[in-house]
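Biologist: Please put the model on screen. I have some questions about how it is built.

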Amino acid sequence: MNPRVSHAILMAAAVLVLVLLGARAADPVLYTAENISTAAHADPATVQKRSPGNAAALVPLMDDLLGETGTLALTIKLKDYESAERDLARYSELSRQFDRLVVTLDVSGTDVGEFQQNNRQNQEALATLLNDTRRFEDLQSLEIEVRGDDEQHMAVVYEGEALRQKMREGFSAYAKRETATTRIAEHYEINATPYQESVEDFAEIADAADDWREEIGTGTKKSPLRIAVTPAEGRYGDTLLIAGTHASGRPGAPVEIYVDSRIAETVALDDGGSYRHPYRIGRVLAGPHLAYATAGPIYSEVAAFAILSGNTSITLALAEVNETTIACTGNLTTDDRPVTLAPVLLRVDDGTLVAAETDKNGTYEKEIALPAGEHTIRAEFHGAGYPLNASESPAETVTVRGEGLSPLPFAAALAALFGTGWYLRRRRNRREESPVVEPARETAEEAAVPPPQVEIAGLPPREAATVLFRTLRARLGIAETKTPRDCARIAPGHAGFFERYELIRYAGETPSEEELRAMEKEALGGDADAA
Amino acid sequence: MQREAWAVLLILLLAGAAAYAHVTTTTEEYSRYNTGWNGTSGFAGEEIRDLRGLDPGAALLILAPDRPFTAEEAGYLRAFLDGGGRVIIADEEGAANGLLADLGSTMRVRPGNLASLDRNHADPGLFLARVVGNDTLFAGVETVRVNRPAAVEGGEPLLETSILTWEDADGDGRITGSETFGKAVVGAREGNLTVLGDPSLFINAMLAENLEFIQNTRAVLLDGTHSRTGTANLILNARLWIQETPPAAAAAAALAVLPVAWHFGRKRDD
């Protein structure tokens with residue numbers, strides 16, 4: 001084939017290959033296929049295998065929680081307090097699991113989140129009911145024992161009335177959640193019957209307290225220890241005033257103030273027999289709450305107040321700490337007030353959760369170590385235990401450079417390079433120290449070397465010339481790898497010999513007898529004056 | 001020179017292989033000639049291009065239809081269904097709704113962007129649906145992994161998502177705003193007519209995800225005229241035309257053989 005045609009075909013083929021392959025060569029899919037998808041579908045082989053959480057457990061857990069309310073309310077009604085304690089412990093554990101799952105699955109903004117809030121309040125209401133019922137039973141026994149002692153009897157009556165009011169208010173709030181909780185349960189095809197039964201049981205317990213009051217016939221007697229909460233409702237960060245008077249109290253006498261059956265503060269009566277306690281709304285659930293006070297054996301009536309839920313706002317700022325660590329900072333606020341000591345979650349790449357906490361200024365800060373690459377981080381507040389709605393920051397993207405390459409391979413490569421250089425230099429120096437490259441000393445060294453023995457008799461002329469060339473090369477200490485031309489350059493004193501041999505060796509010339517004799521003489525060192 | 005000849009040969013081979021790959025494949029979605037992840041080259045169904053006189057014992061799969069059916073073709077399909085044949089329509093864009101109406105079905109495909117928490121992939125559109133109906137198509141299958149399916153309305157449900165599924169209207173992969181959880185039917189049937197809201201079940205990348213279901217659909221006929229499985233490119237269309245037209249095939253063979261014959265003939269003369 002004509003070389004021009006073949007070259008043209010070669011060129012065309014090469015261009016074709018380069019165009020066809022080159023168009024794809026830079027495509028990252030060839031090397032790191034990741035999240036390959038179109039509008040219609042995704043390639044499952046390139047999508048990261050990662051479950052959003054144990055979603056299959058969510059609905060069964062909701063079912064279990066509703067079931068627990070039924071069991072717990074029934075055991076309280078039956079006054080089987082030992083079983084009720086066990087049921088409450090299990091209910092609390094299931095609630096904790098559910099809370100974690102809601103956060104992991106990122107569904108707190110849905111009706112599952114609403115169910116979660118209702119469940120928290122139900123759990124607290126049933127825990128309070130258990131304590132109140134137990135105390136109420138004690139009071140019922142005590143009331144019989146102290147009949148005849150008016151002072152003690154009235155103290156029992158006042159405390160019983162406080163408990164009765166608490167249970168009545170508690171039931172009212174518990175029953176209010178029934179509609180929403182049942183609606184959500186039906187949506188998820190969960191059996192709400194145990195929960196509905198728990199509402200009925202709760203009602204029976206509250207009714208029993210009403211019946212007792214009717215039975216002892218002291219319903220119209222008011223406690224001398226009065227209490228009021230003003231204003232009657234507030235939001236996170238607001239301060240409510242819990243205050244009252246004790247008609248028969250001595251100045252300086254202690255008054256214990258309880259909020260939701262937990263002691264909030266102990267204050268002293270002033271000279272006018274009044275007491276006051278500013279109650280700041282902090283980490284407490286939204287909804288109805290109860291306050292009462294005790295002064296020795298005297299219980300006040302129960303004052304109800306409401307805590308309203310507020311919206312929150314959370315920010316997120318990312319800053320690089322080093323190649324692998326990112327600092328996440330931000331503020332959590334509600335109505336421009338900082339939300340203090342609140343848990344904040346940082347959701348990394350829609351998966352991993354990192355916990356942080358706000359300080360007294362509502363600021364949180366967390367350093368997160370991340371692998372190299374681009375990451376998306378979002379800060380979330382889930383309102384756990386606060387009268388605050390959940391919020392989340394916009395997702396922020398950060399690129400982590402990652403640790404640089406380890407210096408060890410570079411050090412090893414440099415060491416190898418220097419070692420090679422040193423070795424080559426040393427080898428060259430040794431060669432340079434060789435006498436053949438020192439023409440000035442050649443004569444002396446030649447004299448020191450004993451004349452080699454060579455026998456060329458009977459050899460063909462060209463072979464004889466080769467033997468003589470090798471002899472001279474050896475005598476001059478020139479490496480065997482050197483060609484006649486190299487030898488002529490290294491030992492210019494014998495250039496004539498080597499150039500002649502080059503012609504014999506490569507040009508195919510045949511040396512004459514005279515030439516061979518002259519070459520033999522030179523090879524054996526008999527031409528010392530030739531140098 | 002010899003070394004140069006080898007280089008020429010090697011480059012020609014490479015060029016030939018690259019050109020062959022380009023000529024015989026396409027990257028079109030669902031195409032039978034697409035060997036990539038989103039093609040259907042690996043699906044075993046036999047492709048047909050004429051809906052007349054279909055065997056009443058057969059099942060016909062219309063996969064991601066994007067070309068309309070004429071009244072005549074709808075009539076062939078009605079006759080096929082009336083004769084006991086089975087039609088499976090896999091569509092997620094609603095393109096099959098016209099045909100469904102023509103076939104007298106109440107089922108409709110409702111395009112959308114379903115997402116679910118019932119999954120083990122990061123992509124929220126790649127999730128599990130449960131088999132809820134009794135159908136030979138899903139014999140021995142409990143769950144099917146679907147790939148960004150559409151909901152199917154009407155008919156008897158065959159394939160249903162879990163309750164933790166939502167219409168991801170804003171496409172952020174999260175359930176936010178007014179989005180709510182709810183079950184969705186992604187496969188239903190009415191008599192012999194079955195509608196699947198996910199044609200992606202049959203793409204190459206999904207075949208291994210639902211092995212039993214794919215085994216159950218091996219014997220189906222594949223409509224190559226209206227389905228996107230028949231999508232090719234200009235070169236492929238030309239090749240197909242040559243394959244299907246004997247004179248063109250003969251002409252192409254002659255074009256390939258004649259230069260070689262001429263070359264060898266000239267050498268002998270020399």
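Modeller: Helix α11 (residues 461–475) and helix α13 (residues 495–506), both of chain A, pack with their axes 10 Å apart, at an angle of about 145 degrees. Bear in mind that this is a predicted model.

Biologist: What is the handedness of the crossing of α11(A) and α13(A)?

Modeller: The axes of the two helices make an angle of about 145 degrees. The crossing of α11(A) and α13(A) is left-handed.

Biologist: Which residues of α13(A) make the contact with α11(A)?

Modeller: From α11(A) come R462(A), A465(A), T466(A), F469(A) and L472(A). By class, the contact has six nonpolar, one polar and two charged residues. On the α13(A) side the residues are F497(A), Y501(A), I504(A) and R505(A).

Biologist: Is β2(B) mostly covered or mostly open?

Modeller: Take the faces in turn. A59(B), L61(B) and L63(B) are buried on one side, L60(B) and I62(B) on the other. Five of the five residues of β2 (residues 59–63) are buried, so the strand is mostly covered, given the cut-off of 20 or more other C-beta atoms within 10 Å.

Biologist: Which residue of β3(B) stands opposite I62(B)?

Modeller: β2(B) and β3(B) pair in the parallel sense over five bridges. Opposite I62(B) stands I89(B).

Biologist: And in β12(B), what is the bridge partner of V87(B)?

Modeller: β3 (residues 86–90) and β12 (residues 193–196) of chain B also pair in the parallel sense, over four bridges. The partner of V87(B) is L193(B).

Biologist: Turn to the chain contact. Which helix supplies the largest share of the side of chain B that touches chain A?

Modeller: 35 residues of chain B are in contact with 34 residues of chain A. On the chain B side, α1 (2–24) and α4 (204–207) each supply at least two residues. That side divides into 18 nonpolar, nine polar and eight charged residues. The largest share, eight residues, comes from α1(B).

Biologist: Is L78(A) buried or exposed?

Modeller: L78(A) is found in the loop between α3 (58–77) and α4 (81–105) of chain A. The count is 11 other C-beta atoms within 10 Å. The limit is 12 or fewer, so L78(A) is exposed.

Biologist: Where is the cis peptide bond next to P231(A)?

Modeller: Most peptide bonds are trans. P231(A) is in the loop between β1 (228–230) and β2 (233–234) of chain A. With omega about -15 degrees, the cis bond joins T230(A) and P231(A).

Biologist: D106(A) is not a glycine; what is its phi?

Modeller: D106(A) is found in the loop between α4 and α5 (111–145) of chain A. It is buried, with 25 other C-beta atoms within 10 Å. Its phi is positive, about 60 degrees.

Biologist: A64(B) is not a glycine either; is it buried or exposed?

Modeller: A64(B) has a positive phi of about 50 degrees. A64(B) lies in the loop between β2 and α2 (71–82) of chain B. Because 26 C-beta neighbours fall inside 10 Å, A64(B) counts as buried.

How values were computed. Residues are numbered from 1 along each chain as its sequence is written. Chains are lettered from A and ligands numbered from 1 in the order in which they are written. This is a predicted model: local features need pLDDT of at least 70, side-chain atom pairs count only at pLDDT 80 or more; totals for chains, interfaces and linings use all residues. Two residues are in contact if their C-beta atoms, placed from the backbone, lie within 7 Å. Ala, Val, Leu, Ile, Met, Phe, Trp, Tyr, Cys and Pro count as nonpolar, Asp, Glu, Lys and Arg as charged, and the others, Gly among them, as polar. Two strands pair if DSSP finds at least two bridges between them. Axes are lines fitted to C-alpha atoms, for helices over the stretch in contact, and angles run from 0 to 180 degrees between N-to-C directions. A crossing is left-handed if the near helix is turned anticlockwise from the far one by less than a right angle, and right-handed if clockwise.
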